[in-house]
Amino acid sequence: MALVSLTPFSIQLASLTQGSRNNWFVANQRGLISGPGISIEYQKFLYSSRFPKFRRQMEQRPSISAVLTDENSDMMQIEEYTDAVAILDLDPGLQPYKDHFRYRMKRYIEQKKLIEKYEGSVENFAQGYMKFGFNREKGVLVYREWAPAAQEAQIIGDFNGWDGFNHKMEKDQFGVWFITIPDSGGKTGIPHNSRVKFRFKHGDGVWVDRIPAWIKYATVDAARFAAPYDGVYWDPPHSERYEFRYPRPPKSTTPRIYEAHVGMSGSEPRVSSYREFADDVLPRIRENNYNTVQLMAVMEHSYYGSFGYHVTNFFAVSSRSGTPEDLKYLIDKAHSLGLRVLMDVVHSHASNNVTDGLNGFDVGQSSQESYFHTGDRGYHQLWDSKLFNYANWEVLRFLLSNLRWWLEEYRFDGFRFDGVTSMLYHHHGINMAFTGNYNEYFSESTDVDAVVYLMLANSLIHNILLDATVVAEDVSGAPGLGRPVFEGGIGFDYRLAMAIPDKWIDYLKNKKDKEWSMKEISWSLTNRRYTEKCIAYAESHDQSIVGDKTIAFLLMDQEMYSGMSALGPASPTIDRGIALHKMIHFMTMALGGEGYLNFMGNEFGHPEWIDFPREGNNWSYDKCRRQWNLVDEDHLRYKFMCAFDRAMNTLDENYAFLASNKQIVSCANDEEKVVVFERGDLVFIFNFHPENTYDGYKVGCDMPGKYRVALDSDALEFGGHGRVGHEVDHFTSPEGIPGVPETNFNNRPNSFQVLSPPRTCVVYYRVEEGNKVTSVEANE
């Protein structure tokens, strides 16, 4: 969830102030790709030649796992390790902040050692769901709840007629309330699928009813308007439990992510179910050659319109779409199709709701006896939500256990962490336009408690599931976010390239086609830290919410209602719109990162916007669904955008260009409106000019030989005009002196000539003799 108030600049759009010019990786010379012939591979070569001691230090440095698990290690060993944090060698621009990195690494190691001392290991600590909440133990049901501010406590529910007189709980010295409920007649004391609540009396002598914090399922009476949620004891008999049948798919070198919301995934104006999504939508995702599904709004949230970001029950699946067993069916079905599943996890804040949320346990006690900070520090002004106290022992147990629960109980393959910017800084990114100056990231504004939690979380996730994929949603562009914990980083595998969609939206809203700058676009797409992987996207759910429009709707607007028939010629607006829709998404994918993300429906240019049922729209579901019929109708042009989306993914499947470190922009011509670049072994030519066709256009390349079309946005099957010949062989010519870039063409040692029509992108592959690799279209 993006911070709606701040200017969404990240490090990728850093304004180059004098301070930021002195920082190692903020601008182009610090490991970013911009301009002719500057590749990631070459940057790494330059880096390793300038800093040869880094490899030696890493080889000589003791393993962090040894430092953290050796019972005989003492503070001198901790100081020795933190005195040589690897990330400082990786990015010399961070050297002025070495004390900050050493401090947070020291805090991380100390916290980890404390957990190991009192809980055995972080992995054991993160099994809190086996102790807290409801658990079966040798013929009895044991319920535990951390509520140190409570004076008295009871468990109530359907099983005792909501009268807790005979089910009073006891409290231990750590503020944990507990009760043992024996089985009766061979049956559990609380029946499966029955409602329960935690009743307690606080210091004012008032009794309140709350949903248990560790509840696994919560429901609401849909027949009652604004009815509160009830906790549900979920322990189905073995005959009703879903048993997983398929193994997790292997981790892909490059995630091609399909972001989806189950509730709004159907064509009908209602909430769709997990099983409907599994049976109806997953095959579409697989057909378009995505390899990963990212599910939003899985954690229970009482307000549907929050898009799932105001979580009320952290261990419970959203009951609107079905039961826990239904969600397991969905994930298993995805795995059977070779799709990995990421969960959109929200640990940056919690719903402000009292009656059905975690906030209900806050009755004015101190921060150390609460899940949240007290006062202003515990409240997010923009989100109207509560902020966790990440230094609290039980909060750490709760959140770390939450991650392990979703990984092991439901077999998710990783997470996308929402709102990381809000976690990293005490100001939460509010009214903060990040420029890329390192002082913005490492100061008293940094919330080190949250940083340590994220380091623990990422370390835990990868220890439990070695092949997990963990993505950070961070607007600030914090250095080190995507580096391993043992280097002093925060440990995420990828970060979302959040500045890219903002650049496209700015161009579409504010610039005429002939005002588009190829240099600025290519800079925005390539301006990233080469040592930290990014997930690129042209639009996600954020760009489609009420008040804004999808890229397709920005391009074609009202004509999408009447001009999408493929039975006749396209109008100029539709022709332009479909052409640019393909180019924008493909250029973002090919140049913007090491992975790609698309939001459900945008692959075929879903029109309009997203608007959840609310009072302001008379609780309508009309804009809270996906109109799959648009892409399924053969006579409509939506099918062309969907087919090209499939071809984009297939191209990466065949050539693995996203996994390549070779990324070279050899031409970004503002007058011609042409961008030429190489990614992996492919050559990409984007012609954004609205009118000009360039015949015999000369493009630079690395390897000599014969080149052919691998993908062409102007192909007829993609709604184009079929102007580029796919059977034409393009032979290279040498350029200048080998090994002397300044004598080459655009710093490339070879070149070949192509036909480049307006508003088209064409990809060429080098033909290996005897290799029958063909174009993507031919493979479809």
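Which residues does isoleucine 179 touch, not counting residues up to four places away in sequence? In this predicted model, the contacts of isoleucine 179 comprise Leu141, Val142, Tyr143, Ile155, His167, Lys168 and Met169. Isoleucine 179 lies in strand β5, which spans residues 176-182, and its relative accessibility of 8% places it in the buried class, because that class takes in values under 20%.

The protein chain as a whole contains 20 helices and 31 strands. Of its 780 residues, 61% count as buried. When contacts between residues at least 6 apart in sequence are considered, 73% of them join residues that are at least 24 apart.

Helix α9 covers residues 274-287 and helix α10 covers residues 324-336, and the two pack with their axes 7 Å apart at an angle of about 20 degrees. Because angles under 35 degrees count as roughly parallel, α9 and α10 are assigned to that class, and their crossing is left-handed. On the side of α9 the contact is formed by Tyr274, Arg275, Phe277, Ala278, Asp279 and Leu282, while α10 contributes Glu325, Asp326, Leu327, Tyr329, Leu330, Lys333 and Ala334. By class, the residues of this contact comprise 8 nonpolar and 5 charged, with no polar residues.

The loop between β13 (313-317) and α10 holds serine 321, which has a relative accessibility of 7% and is therefore counted as buried. Leaving aside residues up to four places away in sequence, serine 321 touches Val262, Gly263, Val271, Ser272, Ser273 and Tyr274. Tyr274, one of these residues, is also among the α9 residues that make the contact with α10.

The second pair consists of helix α15, residues 518-526, and helix α17, residues 572-591, whose axes come within 9 Å and cross at roughly 50 degrees. At this angle α15 and α17 are therefore oblique to each other, and the crossing is right-handed. The contact involves Ile521, Ser522, Leu525 and Thr526 of α15, together with Met587, Thr588 and Leu591 of α17. Sorted by class, the contact of α15 with α17 has 4 nonpolar and 3 polar residues, and no charged residues.

Several loop positions were also considered. Alanine 222 is located in the loop between β8 (218-219) and β9 (230-233), and a relative accessibility of 77% makes it exposed, because values over 50% fall in that class. Along the chain, alanine 222 and arginine 320 are 98 residues apart, and their C-alpha atoms are separated by 9.5 Å.

A positive phi of about 50 degrees is found at aspartate 384, although this residue is not a glycine. Aspartate 384 belongs to the loop between β16 (379-380) and β17 (385-386), and with a relative accessible area of 39% it is partly exposed. Asparagine 618, likewise not a glycine, has a positive phi of about 60 degrees. The loop that contains asparagine 618 runs between β22 (595-599) and α18 (628-632), and the residue is exposed, with a relative accessible area of 69%.

With regard to the cysteines, the number of disulfides in the model comes to 0, where a disulfide is taken as a pair of cysteine sulfur atoms within 2.5 Å. Cysteine 624 has a relative accessibility of 0% and counts as buried. Cysteine 761, for which the relative accessible area is 1%, is buried as well.

Note on methods
Residues are numbered from 1 along each chain as its sequence is written. This is a predicted model: local features need pLDDT of at least 70, side-chain atom pairs count only at pLDDT 80 or more; totals for chains, interfaces and linings use all residues. Side-chain values use heavy atoms; hydrogens and water are left out. Buried means under 20% relative accessible area, exposed over 50%, partly exposed in between (1.4 Å probe, protein chains only). Axes are lines fitted to C-alpha atoms, for helices over the stretch in contact, and angles run from 0 to 180 degrees between N-to-C directions. Helices (H or I, at least four residues) and strands (E, at least two) are DSSP runs, numbered from the N terminus. Angles under 35 degrees count as roughly parallel, over 145 as roughly antiparallel, 65 to 115 as roughly perpendicular and the rest as oblique. A crossing is left-handed if the near helix is turned anticlockwise from the far one by less than a right angle, and right-handed if clockwise. Contact means heavy atoms within 4.5 Å. Ala, Val, Leu, Ile, Met, Phe, Trp, Tyr, Cys and Pro count as nonpolar, Asp, Glu, Lys and Arg as charged, and the others, Gly among them, as polar.
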